[in-house]
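Try each task before reading its solution.

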Amino acid sequence: MSQEKFDLTKVHECFDRCLANPIDPDDVLVDAYLEAFKELYKFFSLMGTVFGFVSSDVKEKVEILEKHRQQPNAEKFETIKRMMEYERDAELLAKKDYVSGSRTLLRLHRGLDFIYVFLKRLGELANPDDKTNCVCQTSYNETLAQFHPWLIRKGATVAMYALPNRDQLLEKVCVDAATAIQKLPEMLVVARQVYDRTQDLYTKYDLHGLP
């Protein structure tokens, strides 16, 4: 059975819902955020070995946060701000036998930075026949690479050389490549809003340095 393809429109819809918090317009809803990342996981997986190191990490982190949302205190993890405040006030952020939701989501947040930069530059390629390995490598070096050890960086860089041109890449991973190209700018606007709002929360609570 072939792997289910990536639906960019669904990511857009999920990120829209992330921002639709009637109680606090500066907060982000966790369930919709995780739904978006389940779809982004398909993108990473369909890219093959190039992003194997990213896709496995995304899957693990989404599952951890979903477990938090299934616990008796699930309401504490309904939004990113509420989760941060709860873990801070309960002194859970540095607790050794506790898997922090704030720390876990930070890894997804960093991954969103990479996917945003990469897809933005992918959409900006003037020629659909242009190879994507250069924009991918530049995007990776500017974002995720700073958080990865040398061995992973080296492996990722080598694997990126095998990436096809833009249209071939989108045909491989997307439900509808033509629609993806058309809808990409709109999705990127919303993804950036989600990223910036989440970034502001990590800055506000001084949690960028979580180990």
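Predicted model: local features only at pLDDT ≥ 70, side-chain atom pairs only at ≥ 80, totals over all residues.

**Exercise 1.** Find which residues touch the most other members of the largest nonpolar core, then list the contacts of Leu 112 beyond its neighbours within four places in sequence.

Solution. 
- Step 1: The largest nonpolar core holds 70 residues.
- Step 2: Phe 15, Tyr 33, Phe 43, Phe 51, Leu 112 and Phe 118 touch the most other members.
- Step 3: With neighbours within four places set aside, Leu 112 contacts Phe 15, Tyr 33, Phe 37, Leu 40, Ala 191, Val 194 and Tyr 195.

**Exercise 2.** Work out how helix 2 (residues 30-46) lies against helix 5 (residues 101-124).

Solution. 
- Step 1: The two axes come within 12 Å and cross at roughly 55°.
- Step 2: Helix 2 is therefore oblique to helix 5.
- Step 3: The crossing is left-handed.
- Step 4: From helix 2, Tyr 33, Leu 34, Phe 37, Leu 40, Phe 43 and Phe 44 take part; among their partners in helix 5 are His 109, Leu 112 and Phe 118.
- Step 5: The contact residues split into 13 nonpolar, one polar and no charged.

**Exercise 3.** Decide whether helix 6 and helix 7 are roughly parallel or roughly antiparallel.

Solution. 
- Step 1: The axes of helix 6 (residues 133-142) and helix 7 (residues 150-160) come within 9 Å. They cross at roughly 160°.
- Step 2: Angles over 145 degrees count as roughly antiparallel, so helix 6 and helix 7 are roughly antiparallel.
- Step 3: Their crossing is right-handed.
- Step 4: Asn 133, Cys 136, Gln 137 and Tyr 140 of helix 6 meet Ile 152, Arg 153, Ala 156, Thr 157 and Met 160 of helix 7.
- Step 5: This contact has five nonpolar residues, three polar and one charged.

How values were computed
Residues numbered from 1 in each chain as written. Heavy atoms only, no water. Core = buried A, V, L, I, M, F, W, Y, C linked by side-chain atoms within 4.5 Å. Buried < 20%, exposed > 50% of the residue type's maximum accessible area, 1.4 Å probe, protein only. Contact = heavy atoms within 4.5 Å. Axes fitted to C-alpha atoms, helices over the stretch in contact; angles between N-to-C directions. Helix = DSSP H or I, 4+ residues; strand = E, 2+ residues; numbered from the N terminus. Parallel < 35°, antiparallel > 145°, perpendicular 65-115°, else oblique. Left-handed = near helix turned anticlockwise from the far one by under 90°. Nonpolar A, V, L, I, M, F, W, Y, C, P; charged D, E, K, R; others polar.
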